[in-house]
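Have the model open while you read.

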Amino acid sequence: MAALLKIRDLRVSFSIGAKFFGRGRNVRAVDGIDLDVTAGETLAIVGESGCGKTTLGRTIAMLQRPSSGSVEFMGVRLDRLRSKDLRNARRSMQMIFQDPNASLDPRQSVEAIVTEPLLIAGASTALRKQRAAELLDVVGLGAEAGMRLPRAFSGGQRQRIGIARALAASPKLIICDEPLSALDVSIQAQIVNLLIELQRRFGLTYIFISHDLAVVRQMASRIAVMYLGTVVELADAERLFAAPRHPYTVALLSAVPTLGGPVHSAMEPLLASGDPPSPLNMPRGCRFHPRCWLRKKLGDPAICTSQEPRLVATDTHQAACHFADETAAHAAAPLPVAAEAF
Ligand SMILES: Nc1ncnc2c1ncn2[C@@H]1O[C@H](COP(=O)(O)OP(=O)(O)OP(=O)(O)O)[C@@H](O)[C@H]1O
């Protein structure tokens, strides 16, 4: 099936420190990503804090311009468009943000917030009123919510307002950036169910950015695992959970609470090695090598510190590890089964 979104060698660097040190240093927040997203799927982007998930999401939506590489959405190269042409090209791509409080203007009525994309597109007042009522109904708030201000609503309800706004332009793709992390667990389940229902109803495609693997397991059809600005493993969700091939993914899955099971022993060296290295100072060779339990088990092969592994296509399951074929055999304990959150 043709890809709705094609990302090629996408890179985003931030220059920091120039003000103080004269010469800036580069943070390579997104460091060479290739991804295709197919209509109707949910591609989850997972990884530790600071690995570049949000920067990737914002760059796909062109809220952040890439340093290099391309983003093609529905056949149009967004990275080549000037700001005034972007608005049209991007109408079918919307974002839902982490913090519903920060993303809603407190002075605007819910109706005005939800229909803002339609106002920009030149829709009449009557049409916007009608559409707001429909959208608020669809997200479970009811049409009467339109006359009130965001402060009248709870966190979960505000996220529903954000979802209604994202739906207003009848998008094909919605980028959900940690849409649950500001919400209570019981509310999270309701929003997950709403997102799943909306996907079925409107044939939506999601990019779902999250560090919560239990939620990802429920939502995702495919998963891209990010580490220090790049994708280190890409697979169908079921395959990735059943048989991760990158040592980092093994460690990441081990961090998911298990139902009474022991924490996977591969995780210990990862935890002991502390935070990931800084994107200001990428390790040579494989960027995961300083924390890699498999490298240690294999007797420190030279290639891990000298050559950067690339994602190699092995049918649908790809892992950027020189020894991806050996990961399962060397994982010390059976891989844990993640607890179902809902
Ligand atoms: N505007 C910016 N200026 C400088 N550095 C930035 C900027 N935005 C992000 N970074 C850096 O880029 C890297 C990736 O950040 P990003 O927020 O994309 O990661 P993340 O995986 O979304 O993290 P989290 O899960 O904590 O939101 C981090 O090192 C971050 O400090």
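Two strands pair if DSSP finds at least two bridges between them. Helices (H or I, at least four residues) and strands (E, at least two) are DSSP runs, numbered from the N terminus. With that in hand, look at Phe73: its bridge partner in strand 5 is Val76. Strand 4 (residues 68–73) and strand 5 run antiparallel and are joined by 2 bridges.

## What you're looking at

This is a predicted model, where local features need pLDDT of at least 70, side-chain atom pairs count only at pLDDT 80 or more, and totals for chains, interfaces and linings use all residues. Residues are numbered from 1 along each chain as its sequence is written.

The protein has 16 helices and 12 strands. Of its 342 residues, 44% are buried; a residue is buried if 20 or more other C-beta atoms lie within 10 Å of its own, exposed if 12 or fewer, and partly exposed in between, with C-beta atoms placed from the backbone. Two residues are in contact if their C-beta atoms, placed from the backbone, lie within 7 Å. Among contacts between residues at least 6 apart in sequence, 66% join residues at least 24 apart.

Where they meet, domain 1 puts in 4 residues and domain 2 puts in 8 residues. On the domain 1 side, helix 10 (213–219) and strand 9 (222–227) are the elements that give two or more residues.

That side of domain 1 has 4 nonpolar, no polar and no charged residues. For the classes, Ala, Val, Leu, Ile, Met, Phe, Trp, Tyr, Cys and Pro count as nonpolar, Asp, Glu, Lys and Arg as charged, and the others, Gly among them, as polar.

## The core

A nonpolar core is a set of buried Ala, Val, Leu, Ile, Met, Phe, Trp, Tyr and Cys residues joined through C-beta atoms within 7 Å. The largest one here has 90 residues, and Ile207 and Val225 have the most contacts inside it. Strand 2 is its top contributor, with 6 residues. Each of domain 1 and domain 2 supplies at least three residues to this core.

Beyond its neighbours within four places in sequence, Val225 is in contact with residues including Val46, Val231, His246, Tyr248 and Leu252.

## Around the ligand

The ligand is surrounded by 14 residues, the closest being Phe14, Ala29, Ser49, Thr54 and Thr55; a residue counts as near if its C-beta atom, placed from the backbone, lies within 6 Å. Strand 1 (3–16), strand 2 (25–38) and helix 2 (53–60) each give two or more residues to this shell, and helix 2 has the largest share, 3 residues. The shell's make-up is 6 nonpolar, 7 polar and 1 charged residues.

## A look at Leu118

Not counting residues up to four places away in sequence, Leu118 touches Ala123, Arg128, Arg131 and Ala168.

Terms used: Domain bounds come from an automatic or database domain assignment.
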